[in-house]
Every structure is written in structure tokens, then in C-alpha cells.
Amino acid sequence: MKRFSASCLLLFLTIFSFTSFTPAPQKAPIEKRIEDLLAKMTLEEKVGQLNFVVGELFNTGPTVRTTESNKFDEAIKKGQITGMFNIHGAAYIGKLQRLAVKESRLGIPLLIGADIIHGFKTVFPIPLGESASWDLAAIENGARVAAIESTAGGINLTFAPMVDITRDSRWGRTAEGAGEDPYLGSLIAAARVKGFQGKDLADPRTMAACVKHFVAYGAAEAGRDYNTTDMSEYVLRDVYLPPFKAALDAGSATIMSAFNELNGVPATGNMFTMDQILRKEWGFKGAVISDWQNITEMVNHGYSKDHAQAAEQALRAGTDVDMMGEAYLKYVPELVRSGKLDQKILDESVRRVLWLKFKLGLFDNPYLYSDVKREKKEIRSKENLAAAFDMARKSMVLLKNQGNVLPLTVSIKRIAVIGPLGNNKADMNGTWSFFGEEQHAVSFLEGIKKYAKGAEVTFAEGCDLYTNSTDKFAAAVAAARNADVVIMALGESAVMNGEGASRADIGLPGVQLDLVKEIHKTGKPIVALVSSGRALELSWLDQNIPTIMATWSLGSEAGNAVASVLFGEYNPAGKLPISFPRHVGQMPLYYNIKNTGRMYEGTHSEPGSERVYRSRYRDVPNTALYPFGFGLSYTTFAYGQPKLNKSSIAGNENLVLTVEVTNTGKYAGEEVVQLYIQDLVGSTARPIKQLKKFQKLSFAPGEKKTVTFTLNTTDLSFWRQDMTFGAEPGDFKIMVGGNSRDVQTLPFTLTSTSI
């Protein structure tokens, strides 16, 4: 009995220490505290602050669960680990912090990182889906909810947002980003950073962001993950760097180096991008974290002769933290002792890591993220699920609605849900949803049954996602014949996109297209719900199926959100953040292309009927099937003639465009009004159009609004031939419309750039 009582007392004291730590009184400035601590550290302890390791994990497919382990206890006590990642649990992390603070020589607390990409236990749509909302406030709130939940679970650093621009949908990690446009991508990058970090990193409901992957990882050749990237400095600065700059301007505490080589030099050891641009030009003072083993992988690139040289090159370039490579731990002490590496370089990296821990409030309260009561209260709350539901509805993009099949009406009495994603909970959360649990996700079938209100709903799988079996076709055809409308749930599984999931064929996997063709023969109206983490090739569906909806991977509330849209409770307003191709052979495909000397501007026709010496394909049009910015609504919008306040402006003047937009349909709806420009002549050739502004507005039926956009010289600026950033006098076009293709155009002139 005494032994039992003693155990209970110890447990109580342990939990109490995790949840009721009294912050230390106000101390010296952080800089002095860092220098005092640095002066006490041994060489090995300094290197330990640069070593990040993954915890013990149990992989169950798309879900990864933490296994509590004492594997790292001794290394923590010796000060050999700066932090652990992809673990969670307030009590467990409190225990690890206690080891670091109470049983190591210097008592330095741990960073606890994780890939919180689109939610924690409450899973939001994949980032590409969220980006289709063009709703910056909702996107910021999604990151805010993710931060609240994951910090309640003990995590204080997220390896997000991913802001890589993606122009090739074969790349699996397309799902994690904001698509193809640097302007939209920059705004979304900033919104996500603000959502994660809030106004104060020491607030226990905020976490440090780690913007990734620096840089140009999304431009991997052939769309193959981890592959080589090669581009001009102009393209790098105009297209791929802006979202990183926006994220850092928004306050991102850390940044992650990329896997790829860039112009011959691996990103992790690239002095030009890491030192010249990031540190010197941008003045970034935060920590740079390597991606998984990408320091030691510089040997595989043929850039480093061995891991010791890789460690030296990475640290010199400014990569502060070694994730899972242990190259710093093994080789940096000797590099410093031998004089090959100046200790000042090491010390600067340690300062940046310690600064992050101080800013997170860990030195004043190491158990800030170890509140077991909060963990139970703030994960999967009603408010969080409501936010995920709202975001999922806003993320869907209506690509086609011939004959107004949607929204479904009360006259529909029999609904057949057909397809491998129809009654599928496991794949609703999508890629990078480590901590979400599939049993909590709402399937499409569940949501449709909930909203059907008396209609008979049947289900037939038809086929699976991975094999070519047609054994279930007959049952699916029978279900379709007995229905008034068929909802086909098609697309990719969670593991078919994301890291390491590049695809050479970006059509519907397996025999799904064959299944659709069989159902199409029944003559029943079909609504195709296409879930994916990339732009898919949907040409046959576009030609034959009346209604198509891009549903991405929508997360915890997927089924409820889809049903809400199908039955007209919510009018879809999403717009594509990425161009959908007619054929995979068009990849890479993006709207903001440049003219060539032989630009093809005609319509596609049969080979032999037009002059062939133009930049065109002989078998498909150059254009996207569904262009960037495209998305339909259950209502319709009419654009009046746009007007400019003046036909020319000087450098100190603003150009103001106004256009009347009217809801000409019978449903209330939202429209994303988009403004593009073209600089007709530049010292370097400019794209045929570039997104510069947009507004997302709500309209009642019949309502007319005057939309106003204001541009200045900064909006007209680019990286010029002499590698300076600015505008050039000359002629421009300004375009406005509901997508990048369907626009009205006006000319204007910039007469000077002087202010």
C-alpha cells in the first residue's frame, strides 16, 4: 500500500510539473543569456544543439503514431540532441523536456518538431486544395487551428509551410504547395506563417514555422522528386524566390534547405542562395534546418567527397541544423579542433538555435507545451471541425456543370455513389496527415446519406485504386441503371501523391476511366468528384461527363463538405491554383509563359491544315484544359467594360482600374475577380500575363458591384537584365476577368520610373 501511494504521489508530481511550471522572473536580454550560455558550452555540447532526430514511430500507412521510447534518453542527458520530431503527446514530451532540463549539464530544453502540413488531429484540405479557395483569411485560420491542436499535443515547431512553386504536376509534392503562381503563392505563404506563429512565439498556442524547401525544389527535372534543378537567376528570382521572401517577411522563424541540386550545387551547401541571398540580401537571422539527411546526401550528388566535407560545406553555407544525418555530431568537433572550420561559424549556428528556443519561451517554461488538460480539451473540438468543414467547402472547384446537373434537387429520389473513393475513409485525409486518424474522417457516402433527406442512396465500389480488376464493374453498372443520378468518386489515394510520389502518367489510376466509360453507357447523369493532390489529365471526362468537381483531399470533414456542395447548401467558388493539362506531354504547364519568336496563337486544327513552323503541338492544343484561376459557380457572373483612371502614369502615380461585376444567376455566390498585366517590352522578355491583384467577393442574386484595383510602380517591377529589381518605362496591357484565360484587356503606358 505504501509503495502504491508513493507511486501515485510521484505520478501526481510529474503531471503537476508538466502543467504548472512557474515561469522564471524577468531576466537579462536574450542576447546576453545566449552569450552566457554559449560561454559555458563544450565543443560537443555546441554541436549537440545542431543535431535533430526523429522519434520512434509506428507507421500505419498515411498515419504515423508516436511510440514512447527511452531510446534517446542518454543522448538527451549528454546534450547531444537539440530536438526530436514527428512525435506528440503532452505527457511524453513533458517527460523528454524534464530529461533535458533536469538531467543534462546545462539544462537546455528541446525543440519538438513535426510535419504539420494541413492540420493535426483535425485535418484540413491539402494545401493545394486550400489554395483553390483563394481565401487568405480562411487559409490563415487553418494554420491557426493546426497550431492550437499540435501545440496542445506538445509540438512547438512545424516543418511548414511548403511554398515551392509547381509547374509540373507529375511532381508528387505539388499537393503540399499553392500551385504555379508566385504572387498567389506569396500571399498564401505569408498567411500560413501568420497562422502558425500568431503574434508571439512564446504563446503556448503558437508554434515556429519552417518555410520550405529553399530553393527551387518544385522545379525538379521531369517532375521527379529529389531530381536536379537547373534555371537562370532571372527565373529563380522572378518565380521561385518570392514566396520564400514573403514567408520570411511575415516572420517565419526558420527555413528548411531543399533536397535538390541547383545549377550544379546542392541547395544545402549552396553559398549563393544560402549565404548571398538568404543571409546577406534578405538579412535572415533565423535558423536553417536541413531536410532529412540532405547534408550527407551531398556525397551522393557528387559535390562532397565524404560526410566530413559535407558537414563543413553545409555549415559554412549556413545550414544550422542537421536533420537525421549526424554529420555535424560526428565530424564538426574534429573539423574545429583541426582548424578546418572556424569555431565562429559553429557558434553563430548555435546562437540561432538558442535564439529560437528563447523566443518559444522554452527557457522560461520548458513545459509550456506539456499541458495534458489542454491536450484533451483543444484537439478535435467542435470549433476546429467547423473550421475544417468551412475550408473544405471553399476548396472545391466546379470544373464543368453542363445542363446544371448540380445542385441536386428534391426531385432526385435515387442516388448511386460509385467509385473507389466513395466509401473510403482512409484516403480522405490525404498526404502528410501523419496525426489524423482515418476513423474520424467522414466519407463521401456518409456525407451524401446525411444530406440526401429521404433519397435512396446506394453504393458500389466498381474498382479499386491499385489493380486492373474489372470484377466489380457489373455491380456498379447495375447500381447506376437503378439511379436518377450517379456520383462517381474517383482519383488518387493518399499515398499516390506527396513526397516520393511522382507519377509519369497523371491520368486516373488503374481502371477508373474504364469504369467511368461503362457507367457513361447507361445514359444516366453523372457527377464526377475527382480527388487528387495534383492537376490530373481529365480530357475524356471533360468531353463526355456533364459535371466535374475537383475535390482534392478534403480532410476530416470531406464527406460533409462534398454533400453540402452537391445539395446546394454551399455554392462552390473555388478557382484553380494550377493549370489542368489536356495531356501529360504538356508538362510543365503554366499560364504565365513567355512569347517565343514563333508564338502560336491560332486554334488547334488537324495536322497539315496550318503552317507548321510555330511553337505548337501537332496533336493537342497548347492551352490548358482548365486554366489557372478557372472555376465555375451555380450562378453566373457578367463583367462590364473595365475602365482606367488614366492611360499613362509616371513613377509616383497610381493606376486605378474599375469594373462592374454582376451576379446574373438565381443563386447567391462568390466570385474571385482577377487582375493580370503584361509588360510588352522589357530588358528581359516578360510573361504574356502575370497575376497582380485579386478580390474574392460575395454577391446576392442580381447584385452588381464595382470592383476597384490600384497598381503602382512596384507592381510593374521585375528583375531586369542588369540584375536590379524595378520597373521599366514602356507599354503595358492590363487584364481583368474571372480566370487567366477569359479576360478583358486595356492598354496603358508607364512614362517614367522616377518618384
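Me: At what angle do helix 12 and helix 13 pack?
Reply: About 80 degrees, with the axes of helix 12 (residues 307-317) and helix 13 (residues 327-337) 9 Å apart. Axes are lines fitted to C-alpha atoms, for helices over the stretch in contact, and angles run from 0 to 180 degrees between N-to-C directions. Helices are DSSP runs of H or I with at least four residues, strands are E runs of at least two, and both are numbered from the N terminus.

Me: How is helix 12 oriented to helix 13, then?
Reply: Helix 12 is roughly perpendicular to helix 13. Under 35 degrees counts as roughly parallel, over 145 as roughly antiparallel, 65 to 115 as roughly perpendicular and the rest as oblique.

Me: Which residues make the contact?
Reply: From helix 12, His 307, Ala 308, Ala 311, Glu 312, Ala 314 and Leu 315. From helix 13, Ala 327, Tyr 328, Tyr 331, Val 332 and Leu 335. Contact means heavy atoms within 4.5 Å. By class, the contact of helix 12 with helix 13 has nine nonpolar residues, one polar and one charged. Nonpolar covers Ala, Val, Leu, Ile, Met, Phe, Trp, Tyr, Cys and Pro; charged covers Asp, Glu, Lys and Arg; the others, Gly among them, are polar.

Me: Before I go on, what kind of model is this?
Reply: A predicted one: local features need pLDDT of at least 70, side-chain atom pairs count only at pLDDT 80 or more, and totals for chains, interfaces and linings use all residues. Residues are numbered from 1 along each chain as its sequence is written, and side-chain values use heavy atoms, with hydrogens and water left out.

Me: Good. Now helix 9 and helix 10: at what angle do they cross?
Reply: Roughly 45 degrees. The axes of helix 9 (residues 233-240) and helix 10 (residues 242-249) come within 5 Å. Helix 9 and helix 10 are therefore oblique to each other.

Me: Which residues meet there?
Reply: Leu 236, Arg 237, Asp 238, Val 239 and Tyr 240 on helix 9. On helix 10, Pro 242, Pro 243 and Phe 244. The contact of helix 9 with helix 10 comprises six nonpolar residues, two charged and no polar.

Me: Zooming out, how many helices and strands does the protein have?
Reply: 21 helices and 29 strands. The C-alpha trace spans about 75 × 75 × 50 Å along its principal axes.

Me: What radius of gyration does the protein have?
Reply: 27 Å, which agrees with the value near 27 Å for a compact globule of 755 residues. The radius is taken over C-alpha atoms, and the globule rule is 2.2 Å times the number of residues to the power 0.38.

Me: What share of the residues is buried?
Reply: 59% of the 755. Buried means under 20% relative accessible area, exposed over 50%, partly exposed in between (1.4 Å probe, protein chains only). As for contacts with a separation of 6 or more, 77% are between residues 24 or more positions apart.

Me: Which residues touch the most other members of the largest nonpolar core?
Reply: Ile 76, Met 84 and Ile 255, in a core of 56 residues. Helix 5 (residues 90-103) gives the most to this core, five residues. A nonpolar core is a set of buried Ala, Val, Leu, Ile, Met, Phe, Trp, Tyr and Cys residues joined through side-chain atoms within 4.5 Å.

Me: What is Ile 255 in contact with?
Reply: Leaving aside neighbours within four places in sequence, its contacts include Phe 214, Phe 244, Leu 248 and Phe 284.

Me: On to helix 16. Is Ser 395 buried or exposed?
Reply: Buried, with a relative accessible area of 0%. Ser 395 lies in helix 16. The C-alpha atoms of Ser 395 and Gly 574 are separated by 5.5 Å, though they are 179 residues apart along the chain.

Me: And where is Ala 387 found?
Reply: In helix 16 (residues 382-395). Ala 387 is buried, at 11% relative accessible area. Not counting residues up to four places away in sequence, Ala 387 touches Phe 124, Asn 141 and Val 145.

Me: Backbone next. Which residues does the peptide bond with omega about -5 degrees join?
Reply: Met 587 and Pro 588, through a cis bond. Pro 588 lies in the loop between helix 21 (558-566) and strand 19 (637-639). The peptide bond from Lys 212 to His 213 is cis too, with omega near 0 degrees, and His 213 is in strand 7 (residues 208-214).

Me: What is phi of Trp 134?
Reply: Near 50 degrees, a positive value in a residue other than glycine. Trp 134 sits in the loop between helix 6 (127-131) and helix 7 (136-152), and is buried at 2% relative accessible area.
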